[in-house]
Amino acid sequence: ATDTRFGWNNGFDRDSIIRNMALFISSLFSQNLPCGKTRWGFKEIRYGPDNRLPDFLLEVFPASKILVAYRDLRPTLLSSLISWHQGCVDKFLSDRDDSRLREEASKLLHKWIRYNSYFLQLRERLPHRVVIAAAGISDCTRVLDFFNLRFSSEIKAASLLNINQNDSTSKYDADIVFHNFLDVMTDPFRDQIADINSRVLS
């Protein structure tokens, strides 16, 4: 039979490209695994609705699962503003100039809504492959069940101690003016925030 393929056809269809992508990514993340270990994973806060890489990874690795670490909006705003925009926070508290702080807080607030909405939709589409969990022993147990792992009583005790130790405070936590500012910023979005919280916990 005559070969009717064109010379510029590369011979790779969609499925074969995805298979080769999986091999390439696996080879990268498997390089530094301890001897005898085959399971790998990573933590990444930049993957989400802007690049849709979680969708891509779930397609490339059909047996993979994604754990989304959920955090309430208020502590997210508090820690992000203090960690990345402390100068804006201090200027607001000293001069009552909230122009820069309002701009940065608005960006963070909209990002929180956008990212959580994206992962909730992803979980609704793929409930057996995406789990959303908050901090705490009960959610730790649920996550381990999701990944078919075991959680010893010793690890539970150590994890609970770690959670309590990480619940640290700063001078900003008790600042009424700063918290009033956060109230003003989040109040217009309270319905969206409540909806996301209820869907995460359902």
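View 1. The side chain of arginine 100 meets that of glutamate 104 in a salt bridge of 3.6 Å, N to O, the term standing for a side-chain nitrogen of Lys or Arg within 4 Å of a carboxyl oxygen of Asp or Glu. Both residues lie in helix α5, four residues apart, which is about one turn of the helix. Glutamate 104 counts as buried because its relative accessibility is 10%. The model is predicted, so that local features need pLDDT of at least 70 and side-chain atom pairs count only at pLDDT 80 or more, while totals for chains, interfaces and linings use all residues. Residues are numbered from 1 along each chain as its sequence is written, and side-chain values use heavy atoms, with hydrogens and water left out.

**View 2. Further salt bridges.** The structure holds 13 salt bridges. One of them joins the side chains of aspartate 98 and arginine 102 at 3.0 Å, N to O; aspartate 98 is partly exposed, with a relative accessible area of 23%, and arginine 102, at 35% relative accessibility, also counts as partly exposed. Another joins the side chains of arginine 190 and aspartate 187 at 2.9 Å, N to O, and here aspartate 187 counts as partly exposed at 41% relative accessibility. Salt bridges also link Arg52, Asp55 and Arg125 in a network.

**View 3. Tryptophan 40 and phenylalanine 61.** The structure holds eight aromatic pairs, a pair being rings of Phe, Tyr and Trp (its six-membered ring) with centres within 6.5 Å, and with planes under 30 degrees apart counted as stacked, over 60 as edge-to-face and the rest as tilted. Tryptophan 40 and phenylalanine 61 form an edge-to-face pair, with 5.6 Å centre to centre and 85 degrees between the planes. This pair links distant parts of the chain, since tryptophan 40 lies in the loop between α1 (14–30) and α2 (53–60), whereas phenylalanine 61 lies in the loop between α2 and β1 (66–69), 21 residues apart. Helices (H or I, at least four residues) and strands (E, at least two) are DSSP runs, numbered from the N terminus. Tryptophan 40 counts as partly exposed at 24% relative accessibility, whereas phenylalanine 61, at 16%, counts as buried.

**View 4. Tyrosine 70 and tryptophan 112.** The ring centres of tyrosine 70 and tryptophan 112 are 6.1 Å apart and their planes stand at 55 degrees, so the pair is tilted. Distant parts of the chain are linked by this pair, with tyrosine 70 in the loop between β1 and α3 (73–84) and tryptophan 112 in helix α5 (residues 99–125), 42 residues apart. Both tyrosine 70 and tryptophan 112 are buried.

**View 5. Lysine charges over aromatic rings.** The charged end of lysine 65 sits over the ring of phenylalanine 146, 4.6 Å from its centre, where the description requires NZ of Lys or CZ of Arg within 6 Å of the ring centre and within 35 degrees of the ring normal. The charged end of lysine 111 likewise sits over the ring of tyrosine 115, at 5.4 Å from its centre.

**View 6. Threonine 186 in helix α8.** Threonine 186 is found in helix α8 (residues 176–186), and at 13% relative accessibility it counts as buried. A polar atom of its side chain lies 2.9 Å from the backbone oxygen of leucine 182. Not counting residues up to four places away in sequence, threonine 186 touches Leu73, Leu77, Leu109 and Ile193, with contact meaning heavy atoms within 4.5 Å.

**View 7. Cysteine 35 and cysteine 88.** Cysteine 35 is exposed, with a relative accessible area of 83%, whereas cysteine 88 is buried, with a relative accessible area of 11%. Under the rule that a disulfide is a pair of cysteine sulfur atoms within 2.5 Å, the count comes to zero disulfides.

Conventions:
Buried means under 20% relative accessible area, exposed over 50%, partly exposed in between (1.4 Å probe, protein chains only). A polar contact is a pair of N or O atoms within 3.5 Å; within protein, one must be able to donate a hydrogen and the other to accept it, and residues adjacent in sequence count only if both atoms are side-chain atoms.
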